[in-house]
Amino acid sequence: MSFDTLELSGAVRQAVQALGFETPTPIQTEAIPLMLAGRDVIGSAQTGTGKTAAFGLPILTRLAEPADGPRALILEPTRELAAQVHSALVEMARFTKLETAVVYGGVGYARQNDALRRGVDILVATPGRLLDHMERGHCRLDRVAHLVLDEADRMLDMGFMPDVRRIVRRCPARRQTALFSATIPFEIENLIKWAMRKPVTIEIGARRSPAETVRHALYPVATAQKNDLLLALLEQLHWESVIVFCRTKRGADLVAHLLKKGGHAVAVLHSSRTQSEREHALQGFRKGRYEVLVATDIASRGLDIQDVTHVINYDVPQHPEDYVHRIGRTGRAQAEGDALTLMTVEDVSHVRAVEGYISRQIDRARLDGFDYLYTTLLDTSRPATGGRRSRRARGGRVGRGFRFSPG
Ligand code: AMP
């Protein structure tokens, strides 16, 4: 399958080439023809599968020329995602005359007002700020022909469903609706029934299975040694870039402080940081100015951060689906990645929930040379099978032992 066999416009194909996409990803192969044919589509694919282009390329093809708009509306749960999807769409629209804009909260209105006043064909927005603009009379949705509800389960988690429904009601009934969601809980099923017409569902891989290219390991540890083990892992693993996930904002701040003291260049991402702090953190991490990003779940879902070699769960996520989202930061676009999770006695039930959710047991691991305090978890640690080592280690460049206990 190549992009040439998909009926994309010339300008859109040119952008695909400029972006260096050679073959469509599975979700693109399935979604693009359906979207071009005007069907409603439900994509239950994880982020990192190329879903932005799966809806972006056909919508740009169908919009073709500028007209009064906005004619395409893409709703995103967070400002970071909105900004990321917007910049991806700008790239895809590069050889068209179509105008794009993004609106999200936490920043001033002036620039967004100007953009809306100039007229846009494609609008990417977070729900709350979009409603603000609509109430102020800056934006109408009566020409929207293509509506995308991206990361719908996240919008639900964040309490945006009433806002989403208000927005959908303001769009014309005759429209194409696409919905993307890693999971389809009951409330999303209701939204689908209410907002979509005869949708076609595309499932890429098992809905719940985490990226197959990721290697998983659980590190049992006494609570008092979590910090030491984290530092030791960072010392011994051969990583290039790592995201450390914490359950709370305060926890993230403390871990960031610990790592800074340990000599690491660290950025922090959580919802109490200002917009400019969050952008600075993300940009710095993407550009390699920071080697470690410490993040909470809410701040990080869906972010397209390239080449993260390791995800470390400092805390086991309380919601098993967050495990899948977290590890989705590594192993993206078929690259290999490692997901390491610290586990204390208090985490046992959450670990079981994660293992149940992903339908597999995660290998237990011990860091070689680490002076473990006793915890009952160490008695029951199962050995990891096979030579699971970091990317560089497998390349033969490992200097120190990173071995799993023989059991
Ligand atoms: P997404 O799931 O939309 O966040 O996309 C994940 C990453 O895959 C982005 O960095 C895209 O630029 C990239 N990508 C999307 N489609 C393709 C493709 N057909 N070939 C190569 N990379 C792609």
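I counted the salt bridges (a side-chain nitrogen of Lys or Arg within 4 Å of a carboxyl oxygen of Asp or Glu), and the structure holds 18. The model is predicted, so I kept to local features with pLDDT of at least 70 and to side-chain atom pairs at pLDDT 80 or more, while totals for chains, interfaces and linings use all residues. Residues are numbered from 1 along each chain as its sequence is written, and side-chain values use heavy atoms, with hydrogens and water left out.

I looked up K51 and D150, whose side chains meet in a salt bridge at 2.7 Å, N to O. This pair links distant parts of the chain, 99 residues apart, with K51 in helix α3 and D150 in the loop between β5 and α7 (helices are DSSP runs of H or I, at least four residues, and strands are runs of E, at least two, numbered from the N terminus). Both K51 and D150 are buried, that is, under 20% relative accessible area, where exposed is over 50% and partly exposed lies in between (1.4 Å probe, protein chains only).

I then took D315 and K226, which form a salt bridge at 2.8 Å, N to O, and noted that D315 is buried at 12% relative accessible area and K226 at 9%.

I turned to strand β13, residues 337-343, and found 7 of its 7 residues buried, so the strand is largely enclosed by the rest of the structure. Strand β8 pairs with β13 in the parallel sense over 7 bridges, and β12 does so over 4 bridges (pairing requires at least two DSSP bridges between two strands).
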